[in-house]
Amino acid sequence: MATPTYQDVLDLDAGDPLAPLRERFSLPEGVIYLDGNSLGALPGATPRHLAEVVEAQWGRDLIRSWNAHDWIGLPRRIGERIAKLIGAGPDEVIACDSTSVNLFKLLQGALALSPSHGTILTEDSGFPTDRYMAQSVANLASGTSVKAAPRDAIIDHIDDDTALVLLTHVDYRSGHKIDMAAMNKAAHDKGALVLWDLSHSTGAVALDLAGSGANLAVGCGYKYLNGGPGAPAFLYVRSGLQERLETPLPGWMGHAEPFAFSQGYAPSPSIDRFLCGTPPILAMAALESGLAQFDGVDLAALFAKGQAICGLYIELMQDLCERHGFTLASPADARHRGSHVSFAHPHAHAVCQALIERGVIGDFRTPDILRMGFTPLYTRFADVWEAVRILREVMDSSAWQDDRFTRPRRVT
Ligand SMILES: *Cc1c(COP(=O)(O)O)cnc(C)c1O
């Protein structure tokens, strides 16, 4: 197949029924933003919504807002919106805490259900917080250990001793996507539960938690959900499991009757039991506004667009692979890929800095990965063309070799 031309790419945008969704976001001029998988862009409606919550709700209605504006219901209202994106029931998801804290809560809760306590099986090069949390939970329980295996060999390592499998659905570096239904089945056949980390999946790829037999999941609010920096995360527990799973952080907000102020802890019978303390209302309000950007959107078409953008990027990068030593570090097959694409290059860090200086914002992941995230809500096909054109310029001119691009940064 011939490499697409600029005209082909313009035609893709012109014929894209989802193109107007970009107008829901406030993106700066002169920036091609390909990092929505790390920090989603600002929805145009969010500043107004936050101003309203701050001034009219907090400022004027004060504490009455917990009832009058249903602040108390926000974690569940947001949960219902997320449930639609991940194929879960409306009473199976709640927004709370960070992904890391939610991992801890569900790891600990699930491990307590396992008769053997055995092993927690996880990836040997997944997102580090997942592994740290697994190790902490293992340390707290006697007789439990963490076993780490390569991502593509996890399924072969599930055995009778496995209590719990902890996996990221879409890998943060390669974008590799695991077949959720097949993994759940393999684990359940051995009596183990699977806890899914959906941080790089939610809002970017099709998910069917109910249909694929998933029991437990966590995910992130500030990536594809556009909830703002450090937005609350979410957790999912299948309804039949909720009453059996206990949180190791039994705060008053997870109590069956928080305002009874009773001295004994009695967990809520619902997913509310996984709340710990008072929800951060301003952050929740921003997350709710981020999720509202999915309203009325044909999700199947949206996720198909994400795949098409990734495919276009891979095709356009062919020339840079041949001439400048980039190698695809993501699955070539869209069925096994999330919505970001990584290329390995020995000078990826400097190249990434040079791109950012030219307004193309992707990110670098150690040791040699140039990662581009494609948020189908606001990325245009022409953005991909332009990003590759500028990358070609950076490589052909050796601009990346400048000293200022090699300085390390605290956040990459
Ligand atoms: C982004 C991400 C997280 C983030 O965890 P925080 O507690 O929100 O910092 C966790 N896991 C994965 C796989 C991620 O990609």
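In this predicted model, the side chain of His169 makes a polar contact with the side chain of Ser201 at 2.8 Å. His169 is found in the loop between strand 5 and helix 8, and its relative accessible area of 3% makes it a buried residue. Leaving aside residues up to four places away in sequence, His169 touches a set of residues that includes Arg151, His176, Met180, Trp196 and Leu207.

Ser330 is found in the loop between strand 9 (327–328) and strand 10 (340–344). Its side chain reaches the backbone oxygen of Ser174 at 2.6 Å. Beyond residues up to four places away in sequence, Ser330 touches Ser174, Arg337, His340, Val341 and Ser342.

Helix 8 spans residues 180–189, and Met180, Met183, Asn184 and Ala187 are buried within it. Viewed down the helix axis, these buried residues fall within an arc of 100 degrees, so they line one face of helix 8. An α-helix has 3.6 residues a turn, so residues three or four places apart point the same way. The cover over the buried residues of helix 8 includes helix 7 (154–157), strand 5 (162–168) and strand 6 (193–197). On the face turned away from the buried side, helix 8 carries the exposed residues Lys185 and Asp189. At the start of helix 8, a side-chain oxygen of Asp179 comes to within 3.2 Å of the backbone nitrogen of Ala181. Just after helix 8, Gly191 adopts a positive phi of about 75 degrees.

Charged pairs form the next topic. Side chains of opposite charge can pair when their charged atoms come close. A search of the whole structure finds 22 salt bridges, and the table lists some of them.

| Salt bridge | Closest N and O atoms |
|---|---|
| Asp272 and Arg76 | 2.7 Å |
| Arg151 and Glu123 | 2.8 Å |
| Arg389 and Glu393 | 3.0 Å |

In the salt bridge between Asp272 and Arg76, Asp272 lies in the loop between helix 9 (239–242) and helix 10 (281–292) and Arg76 in helix 4 (residues 74–86), so the pair ties together parts that are 196 residues apart in sequence. Asp272 is partly exposed at 24% relative accessibility, and Arg76 is partly exposed at 22%.

For the salt bridge of Arg151 with Glu123, Arg151 lies in the loop between strand 4 (145–149) and helix 7 and Glu123 in strand 3 (residues 119–123), so parts 28 residues apart in sequence are tied together. Arg151 counts as buried at 13% relative accessibility, and Glu123 is buried with a relative accessible area of 5%.

Arg389 and Glu393 are 4 residues apart in helix 14 (residues 381–396), a separation of about one helical turn. Arg389 is partly exposed at 34% relative accessibility, and Glu393 is partly exposed with a relative accessible area of 42%. Asp319, Arg323, Arg392 and Asp396 are linked in a network of salt bridges.

On the surface, Val54, Trp58, Leu62, Ile63 and Leu282 form a nonpolar patch with about 500 Å² of accessible area together. Val54 lies in helix 2 (residues 46–61) and is partly exposed at 31% relative accessibility.

Terms used
Residues numbered from 1 in each chain as written. Predicted model: local features only at pLDDT ≥ 70, side-chain atom pairs only at ≥ 80, totals over all residues. Heavy atoms only, no water. Patch = residues over 30% accessible without salt bridge, like charges linked within 9 Å, V, L, I, M, F, W, Y side chains within 5 Å. Areas by Shrake-Rupley, 256 points an atom, 1.4 Å probe, with all protein chains shown as cover. Salt bridge = Lys/Arg side-chain N within 4 Å of Asp/Glu carboxyl O. Helix = DSSP H or I, 4+ residues; strand = E, 2+ residues; numbered from the N terminus. Buried < 20%, exposed > 50% of the residue type's maximum accessible area, 1.4 Å probe, protein only. Arc of directions from axis to C-beta. Contact = heavy atoms within 4.5 Å. Polar contact = N/O pair within 3.5 Å; in protein donor to acceptor, adjacent residues only side chain to side chain.
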